[in-house]
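I am opening a page for a structure that is new to me, and I want to note what I look up as I go.

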Amino acid sequence: MVDVKDDMTNNVDSEGYSAASTADPKNVQELTQYSLLQTIQDKFQNMSDQILTRIDEMGTRIDDLEKNIGDLMTQAGVEGPDK
């Protein structure tokens, strides 16, 4: 018959912690690196989206400015540039 006490001590390491409850340091490190990489990637994507939105807004503002300049030139009776 198996001694229960011997069976329990086989699952405990030299520091008194159960081997089943500790995580593999390599897996924890990989998980931490993945988490950090995911956070950086999310921030980069957010910043990229903001930049593209601002570029689109600037394009719209430039188009409006060109139209307003054309309207002012028409009101002043000045010929527009030949395209």
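Before counting anything, I note that helices, of at least four residues, and strands, of at least two, are taken as DSSP runs and numbered from the N terminus. I also keep in mind that what I have here is a predicted model.

Entry on the fold. I looked up the secondary structure of the chain and found two helices and zero strands.

How much of the chain counts as buried? Of its 83 residues, 0% do, where buried means under 20% relative accessible area. The accessible surface of the chain comes to about 8100 Å², and carbon and sulfur atoms account for 57% of that area.

Entry on charges. Which side chains meet in a salt bridge? I found Lys67 and Asp71, with 3.2 Å from N to O, and the count for the chain comes to one salt bridge. Lys67 and Asp71 are separated by about one helical turn, because they stand four residues apart in helix H2.

I finally looked up how open the two partners are. Lys67 has a relative accessibility of 52%, so this residue counts as exposed, whereas Asp71, with a relative accessible area of 35%, is partly exposed.

Notes
Residues are numbered from 1 along each chain as its sequence is written. This is a predicted model: local features need pLDDT of at least 70, side-chain atom pairs count only at pLDDT 80 or more; totals for chains, interfaces and linings use all residues. Side-chain values use heavy atoms; hydrogens and water are left out. A salt bridge is a side-chain nitrogen of Lys or Arg within 4 Å of a carboxyl oxygen of Asp or Glu. Buried means under 20% relative accessible area, exposed over 50%, partly exposed in between (1.4 Å probe, protein chains only). Accessible areas come from the Shrake-Rupley method with a 1.4 Å probe; for residues, only the protein chains shown count as cover.
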